[in-house]
Every structure is written in structure tokens, then in C-alpha cells.
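Let's take a walk through this fold, one piece at a time. Have the sequence and the model side by side as you read.

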Amino acid sequence: MTDRQARQPRLPQLPRLRHSSRPPGLAGLAVAAGTAAVVHAAPALTSLPALRIRLFPALSGLGDPARVALTFDDGPDPNVTPRFVETLARYRVRATFFLIGSMLAREPTLGGDLTAAGHEVAVHGWTHRNLLFRGPAATYRDLARTRDLVGAVTGRTPRFFRPPYGVLSSASLVAAHRLRLTPVLWTAWGRDWSRTATVDSVLGNLTTGLTGGGTVLLHDSDCASAPGSWRASLAALPYLLDECARRGWSVGPLGEHDAPAGPAVGT
Ligand SMILES: [Zn+2]
């Protein structure tokens, strides 16, 4: 740990858990321990999905059990993102897109297209770099720059942040807190970044770990994945939406995941 890290301000609050039986949140653990050393346990904890979901359900995106939050990372890609938007429109489902700032800067109209279609836009980072290896100032600039661009091209203030690779550094937690961004990871993923990903493998990975209230992670770009791997995700998407409908879950963006029950967002 560097001196700079040791002088970091107290850990910001992570999303509050919703149930009274909740275990201590990451912030609570840090306060109890009274040391920044616990803060550095964050990357290790957040990279272990099963443990993370149990200890930090809200950080993992666990919400209303009647719903599933659908999220996409790594876009916008001009050749890929519109295909996902088209499929979602066919199913009348809205989702949350965690955007990479440098990609949005090259294709800013894609941001507007997403919000015009009713989707939620959120912050993934300016580039797809592991924030564990970046200092506090660089991390803050990365998130702030992305948040500002997303806001400028869409007219919407992003509410959520998901770090590249799901690795939450202490600096990224502090930066997110200062920028009023809520960190959210996921409860189920398709492992769709792999060169060997297929429709069946993506669906199998997703549905194995998926429960009502969960948050699904897929990718609408291969900028950090095997070339063309998004095709398996795109092909799996209708089957995933059908399966959610079969299980009685409405699918929607993270921003509505904790909302009181209301009209269904989609199928
Ligand atoms: Zn990513």
C-alpha cells in the first residue's frame, strides 16, 4: 500500500441492502476494522461471485425478486450495439448499458440511440483497464470523464458504475462515491467473452445462477473479448428473455430493479 492510498478518505457507502437480516456491508466492515487494509480486500471479495452475492447482495445487483435486471457491458459498438437494441425492441424489454467513454466518444449518437429506445446508460470506464492498477487521481478522472460524456450525449445523469473486469479498487469506490455513482456488479453472467462461447454455453451459464431479483451480465461488444463472441450473446438473448417470462420474472434496467411492483417492463 502506498502512503497516498493509506491517506484515502473513509470508504464510501456501498448500496444499502434491503432486508433487515442483512449481513454487514463492505463499508460496515471497513468502519468496524478501522483500517484501510480491509478496503483492499474489496477486489478479492468482489471477484468471488458466490461469496460476493451472499455478503453484498445489493452490490451484486440483487433486487426485487419478481424482476431480473438485464445489463450489457463494453459498448457502444456501432456494428453490434444496434443489433442488441433491435432484439430488445422486439421483446419490448429495456436494459442498462455500461458504456466505455472512449468508444462513446467515437460514436456519440449511439448514446442517444440507447436512451431514445428507453435504455438506461451507465459508466463502465473511459477505457477497458483494470482499475486495480491505477491511482486515485487517474481513477477519478477516468470515471468523471466517462460520466460527463455519457451525460452530455444522452442528457441523462448516469446512476450506476461497474468497473472493468468487475474489479472494484478502493480508489474506484472513493471516486464513485464522489461522483454519486452506485457500484453494481452482477449475479449471473453468460461467460460470453470466451472464444468458445456458444448459444448453449451462454444460456447454460446464465440460467444456472439466475434467480428472481438477479442481475444478468452480457456484452454488446468484443472490445475486451474474443472477436465476434458477441454473436453467441445476441443469439442467446431471445432464449434468455423467453426463460425469464416462463419463470414469471419481468426484465428491465437496473434503475427499476428496486422499484415497487408496477407495470411490467417487458415480457
Ligand atoms: Zn467490461
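This is a predicted model: local features need pLDDT of at least 70, side-chain atom pairs count only at pLDDT 80 or more; totals for chains, interfaces and linings use all residues.

## Around helix α10

Residue numbers start from 1 along each chain as its sequence is written.

R180 isn't a glycine, yet its phi is positive. You'll find R180 in the loop between α10 and β5 (182–183). Is R180 buried or exposed? With 12 C-beta neighbours inside 10 Å, R180 counts as exposed. (Buried takes 20 or more other C-beta atoms within 10 Å of a residue's own, exposed takes 12 or fewer, and partly exposed is in between; the C-beta atoms are placed from the backbone.) As for α10 itself (residues 170–178), its buried residues are S170, A171, S172, L173, A175 and A176.

Y165 is another non-glycine with a positive phi, about 65°. Y165 sits in the loop between β4 (160–161) and α10. Y165 has 17 other C-beta atoms within 10 Å, so it is partly exposed.

Then there's a cis peptide bond between G75 and P76, with omega at about 5°. P76 belongs to the loop that runs between β1 (67–75) and α6 (81–90).

## The chain as a whole

Zooming out, the chain has 12 helices and eight strands. Of its 267 residues, 46% are buried. Take the contacts with a separation of 6 or more: 75% of them are between residues 24 or more positions apart. (A contact means two C-beta atoms, placed from the backbone, within 7 Å.)

β2 (residues 96–100) is mostly covered, with five of its five residues buried. T96, F98 and I100 point one way from β2, while F97 and L99 point the other way.

What does β2 pair with? β1 and β2 run parallel, over four bridges, and β2 and β3 are also parallel, over five bridges.

## The nonpolar core

The largest nonpolar core has 61 residues, and V68, F97, L99, L104, A122, V123 and V216 touch the most other members. (Such a core is a set of buried Ala, Val, Leu, Ile, Met, Phe, Trp, Tyr and Cys residues joined through C-beta atoms within 7 Å.) Helix α12 (residues 230–246) gives the most to this core, seven residues. In soluble globular proteins, nonpolar side chains tend to be buried together.

What does V68 touch, leaving aside neighbours within four places in sequence? The list is L210, G212, G214, V216, C244, W249 and V251.

## Helices α6 and α12

α6 and α12 pack at an angle of about 10°, with their axes 10 Å apart. (Axes are lines fitted to C-alpha atoms, for helices over the stretch in contact, and angles run from 0 to 180 degrees between N-to-C directions.) The two helices are therefore roughly parallel to each other. (Under 35 degrees is roughly parallel, over 145 roughly antiparallel, 65 to 115 roughly perpendicular, and the rest oblique.) R83, F84 and T87 of α6 meet L234, L237 and P238 of α12. By type, the residues of this contact are four nonpolar, one polar and one charged. (Nonpolar covers Ala, Val, Leu, Ile, Met, Phe, Trp, Tyr, Cys and Pro; charged covers Asp, Glu, Lys and Arg; the others, Gly among them, are polar.)

Each helix also has a residue to look up. E86 is in α6 and is exposed, with 11 other C-beta atoms within 10 Å. W230 lies in α12 and counts as buried, with 28 C-beta neighbours inside 10 Å. Not counting residues up to four places away in sequence, W230 touches V80, H219, D220, S221 and D222.

Technical notes:
Two strands pair if DSSP finds at least two bridges between them.
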